[in-house]
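Hi,

Here is the structure I promised to pass on.

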Amino acid sequence: MGEGSQIWAYAHVMSGASVGKNCNVGDHCFIEAGAFVGDNVTLKNGNMVWEGVTLEEGVFVGPHVFFTNDLYPRSPRMPPPPKRYAKKENWLRPTLVRRGSTLGAGAVILPGVIIGQYGMVAAGAIVTRDVPPFALVRGNPARVSGWVCQCGLPLRFGQRTATCLECGLRYSQVKPDSILPEDATE
C-alpha cells in the first residue's frame, strides 16, 4: 500500500494486490491478489477489484461498480471446468482502466475491455467493448453518447473543435469516434 493511502472499515486488500499512493479505498471494498490500483485512485464503497483489473493513476470508481475477469465463468470445483482453470491464460481476461477515467455508480465492466484515458462511464452502464479516450458512454450495452474534458465536464463540438467552459482546455475531433486534446497536460 502506497504512502498516504487510506483504507476504510470492512475493506480487504489481499496479499499480492498493489495499491498506490494517496488512494482512498471505501468501506466494504475488496481488492484481490493480482489487482493493480495506481496512485490517486478513489474507490467508493462496495467495490470489488479482481485479479487482472488495472486501475491507472487518478481513476474514480463510483459505488458498487462491478468488475469481472472471466467471460465464461464456471465453478472450477465441478467437472469439466478444472481443465480450463488449470492455467490462468485459459480464462483470465485483463481489464484496463486508463488514467483519469471515471466509472459511475453501478456500472458493469466486462472483462477484457479498455476504458480509454479520461473516459467516463455513466451510472448503470454495461461496458461490453473498449471505450475511446475522453468518451462518455451510457446504456446497455454502453455506447458513446458524447465527449468529456480532462476535468470531467461535457464538451460541445462545433466545426470539429471544442473548448471546455470550465478549464479552457481545447480539443479537436479527428474522426467521428475520437478526439484529441490540443493543450491537455498529457
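Pro80 sits in the loop between strand S11 (66–67) and S12; strands here are DSSP runs of E with at least two residues, helices are runs of H or I with at least four residues, and both are numbered from the N terminus. The peptide bond joining Pro79 and Pro80 is cis, with an omega of about -5 degrees. There is another cis bond, from Asn140 to Pro141, with omega near -5 degrees, and Pro141 is in the loop between S18 and S19. For context, most peptide bonds are trans, and most residues other than glycine have a negative phi.

Before you dig in, two bits of housekeeping. This is a predicted model, where local features need pLDDT of at least 70 and side-chain atom pairs count only at pLDDT 80 or more, while totals for chains, interfaces and linings use all residues. Residues are numbered from 1 along each chain as its sequence is written, and side-chain values use heavy atoms, with hydrogens and water left out.

On the phi side, two residues are worth a look. His64 has a positive phi near 55 degrees without being a glycine, and its place is the loop between strand S10 (60–61) and S11. His64 counts as partly exposed because its relative accessible area is 45%; the cut-offs are under 20% for buried, over 50% for exposed and partly exposed in between, using a 1.4 Å probe and protein chains only. Gln159 also has a positive phi, about 55 degrees, and is not a glycine either. Gln159 belongs to the loop between S19 and S20, and at 78% relative accessibility it counts as exposed.

Now the overall picture. The protein has zero helices and 22 strands. The radius of gyration is 17 Å, which agrees with the value near 16 Å that a compact globule of 186 residues would have; that radius is taken over C-alpha atoms, and the globule rule is 2.2 Å times the number of residues to the power 0.38. The C-alpha trace spans about 60 × 40 × 25 Å along its principal axes. Of the 186 residues, 39% are buried.

The accessible surface comes to about 10100 Å², and carbon and sulfur atoms own 55% of that (Shrake-Rupley method with a 1.4 Å probe; for residues, only the protein chains shown count as cover). If you look at contacts (heavy atoms within 4.5 Å) between residues at least 6 apart in sequence, 18% join residues at least 24 apart.

On to the sheets, where two strands count as paired if DSSP finds at least two bridges between them.

Leu96 lies in strand S12 (residues 95–97) and counts as buried because its relative accessibility is 19%. Leu96 and Thr54 are 42 residues apart along the chain, yet their C-alpha atoms are separated by 4.9 Å. Leaving out residues up to four places away in sequence, Leu96 touches Thr54, Glu56, Val113, Ile114 and Ile115.

There is also an open sheet of eight strands, ordered S1-S4-S7-S10-S13-S16-S18-S19, and its pairing is mixed. Strands S1 (6–7) and S19 (143–147) are the edges, each pairing on one side only. S18 (residues 135–138) and S19 run antiparallel and are joined by four bridges, with Arg138 bridged to Arg143 in S19.

Three bridges join S20 (residues 161–163) to S21 (residues 170–175) in an antiparallel arrangement, and Thr161 has Ser172 as its bridge partner in S21. These two strands, S20 and S21, form a hairpin with six residues between them, and Gly168 in the turn has a positive phi of about 85 degrees. S21 is also joined to S22 (residues 178–181), antiparallel, by four bridges. Ser172 turns up again here, with Leu180 as its bridge partner in S22. The hairpin of S21 and S22 has two residues between the strands.

Cheers
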